[in-house]
Amino acid sequence: MFPPPPQDPAAVLRRAVNRLSRRMRTERPQDGLPSGRLGVLAHLYRSGPSAPGAIAAALHVQPQSLTRTLAALAGDGMVSRTRDAADGRSHVIELTDRGFAAMARDVRHGDTWLRERMDAELNDTEREVLRLAAALLDRLAGDE
């Protein structure tokens with residue numbers, strides 16, 4: 001027989017965050033962007049034009065994986081790639097209007113699902129606790 005799952009605060013939080021993350025992935029639109037592409041677009045939205053290396057570091061992905069993602073996004077017209085004015089050997093990646101629209105649609109879909117669940121399952125006080133917890137989770141994540 002296996003021991004019960006740990007009940008310390010870190011383990012409980014990890015399980016809850018992972019479970020919610022998995023559930024939100026299943027609630028994504030059928031024609032939604034793959035999560036890697038959505039992550040890149042969201043990073044560019046929050047941080048502005050960025051070098052590929054900075055994007056890879058911020059998203060904790062390998063540059064080789066990012067190269068394929070950026071090529072797909074550029075092919076779909078969701079990002080543009082221009083030479084860096086300060087260093088002609090490197091490039092700057094920028095979110096396009098098309099990329100913003102695709103990202104906003106997917107994010108809006110997820111926000112709507114989560115808002116409906118929160119309204120159905122939680123009272124006002126519990127929703128406020130989650131709002132406060134979200135700020136703490138962002139702080140724990142420590143990036144961007």
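## His60 and the basis of the model

His60 sits in the loop between helix 3 and helix 4. Helices here are DSSP runs of H or I with at least four residues, strands are runs of E with at least two, and both are numbered from the N terminus. The model is predicted, with local features needing pLDDT of at least 70 and side-chain atom pairs counting only at pLDDT 80 or more, while totals for chains, interfaces and linings use all residues. Residues are numbered from 1 along each chain as its sequence is written, and side-chain values use heavy atoms, with hydrogens and water left out.

His60 has a phi near 60°, a positive value in a residue other than glycine. Most residues other than glycine have a negative phi. His60 is exposed, at a relative accessible area of 62% (exposed is over 50%, buried under 20%, partly exposed in between, with a 1.4 Å probe and protein chains only).

## Ser50

The loop between helix 2 (35-47) and helix 3 (52-59) holds Ser50. With a relative accessible area of 8%, Ser50 is buried. Leaving out residues up to four places away in sequence, Ser50 touches His43, Leu44, Ile55, His91, Val92 and Ile93, where contact means heavy atoms within 4.5 Å. The side chain of Ser50 also reaches the backbone oxygen of Gly48 at 2.9 Å.

## The aromatic pair

Rings of Phe, Tyr and Trp (its six-membered ring) pair if their centres lie within 6.5 Å; planes under 30 degrees apart count as stacked, over 60 as edge-to-face and the rest as tilted. By this rule there is one aromatic pair. The ring centres of Tyr45 and Phe100 are 5.4 Å apart and the planes stand at 40°, so the pair is tilted. Because Tyr45 lies in helix 2 and Phe100 in helix 5 (residues 97-121), the pair ties together parts that are 55 residues apart in sequence. Phe100 is partly exposed, with a relative accessible area of 36%.

## Asp111

Helix 5 also contains Asp111, which is partly exposed at a relative accessible area of 37%. The C-alpha atoms of Asp111 and Met24 are separated by 9.4 Å, and these residues are 87 residues apart along the chain.

## The largest pocket

A pocket is an open set of points on a 1 Å grid over the protein atoms alone, where a 1.4 Å probe fits, with protein on both sides within 12 Å along at least five of seven lines; lining residues have an atom within 4 Å of a point. The largest pocket holds about 2300 Å³ of space, a volume being the space filled by probe spheres set on the points, which are joined across faces, edges and corners. Of its 44 lining residues, Val17, Leu20, Ser21, Met24 and Leu114 are the closest to the centre.

Helix 1 (9-26), helix 2, helix 3, helix 5 and helix 6 (124-141) each give two or more residues to the lining of the largest pocket. Helix 5 gives the most, with eleven residues. The lining divides into 23 nonpolar, six polar and 15 charged residues (Ala, Val, Leu, Ile, Met, Phe, Trp, Tyr, Cys and Pro count as nonpolar, Asp, Glu, Lys and Arg as charged, and the others, Gly among them, as polar).

## The second largest pocket

About 160 Å³ of space lies in the second largest pocket. Its lining includes Pro52, Gly53, Leu66, Arg81 and Ile93. Two or more lining residues come from each of helix 3, helix 4 (63-75) and strand 1 (79-83), and helix 4 has the largest share, six residues. By class, the lining of the second largest pocket has nine nonpolar residues, two polar and one charged.

Note on methods:
Polar contact = N/O pair within 3.5 Å; in protein donor to acceptor, adjacent residues only side chain to side chain.
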